[in-house]
Amino acid sequence: MHFLLLAEGGEKATHNPIIPAWQEIVVGGIAFIVLCFVLMKFVFPRMEQTFQARVDAIEGGIKRAEAAQAEANQLLEQYRAQLAEARTDAARIRDDARADAEGIRQDILAKAREESDRIIAAGKEQLAAERATIVRELRTEVGTIAVDLASKIVGESLADEARRKGTVDRFLSGLESTGAR
């Protein structure tokens, strides 16, 4: 406004251009007060609410993260304890299985030895019985052959059963004693 007067070539301004007019200061002060009132009444509380909500969200998030981390650590320790227990159980089961397997092995070996001994004993008994049968048959045959041969050599008949039996027994005893030497 002051410049307009100077531009029109009118009065000389007595007012300093750096310092504003008192009317402008009053209007600016009132506008500033209204602006401060509006900011303090509506904007600052909303900003404070927003700021507080962010702080709560961040602090709540941190607390939730710490709680989740603590829970995860607790679960991890539980899993580690369960894993250690499972490993111990597995080792015990493995040792029990080995002991059972060794027991079963020993039982099977004992049964196999018993069966082997039984089979060997049965075989020996069978061999002894067959040997006795063969020896009896051979004695009879050898006796008959010996009597026939002796009859031919001696020239007398050895048909008499009692005599023949005594002669055959003596002959076989003589053969056994000769074979034993």
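Me: Which residue meets Glu-102 in a salt bridge?
Reply: The side chain of Glu-102 takes part in a salt bridge with an N to O distance of 3.2 Å, where the term stands for a side-chain nitrogen of Lys or Arg within 4 Å of a carboxyl oxygen of Asp or Glu. This is a predicted model, in which local features need pLDDT of at least 70 and side-chain atom pairs count only at pLDDT 80 or more, while totals for chains, interfaces and linings use all residues. Residues are numbered from 1 along each chain as its sequence is written, and side-chain values use heavy atoms, with hydrogens and water left out. The partner of Glu-102 in this salt bridge is Arg-105.

Me: How many residues apart are Glu-102 and Arg-105 in helix H2?
Reply: Helices are DSSP runs of H or I with at least four residues, strands are runs of E with at least two, and both are numbered from the N terminus. Glu-102 and Arg-105 both belong to helix H2, with about one turn of the helix between them, and their spacing is 3 residues.

Me: Is Glu-102 buried, partly exposed or exposed?
Reply: Buried means under 20% relative accessible area, exposed means over 50%, and partly exposed lies in between, with a 1.4 Å probe and protein chains only. The relative accessible area of Glu-102 is 37%, so Glu-102 is partly exposed.

Me: How far apart are the closest N and O atoms of Glu-77 and Arg-80?
Reply: Glu-77 and Arg-80 are 3 residues apart in helix H2, which covers residues 22-154, so they are separated by about one helical turn. Glu-77 is partly exposed at 46% relative accessibility, and Arg-80 is partly exposed with a relative accessible area of 49%. In their salt bridge, the closest N and O atoms are separated by 3.4 Å.
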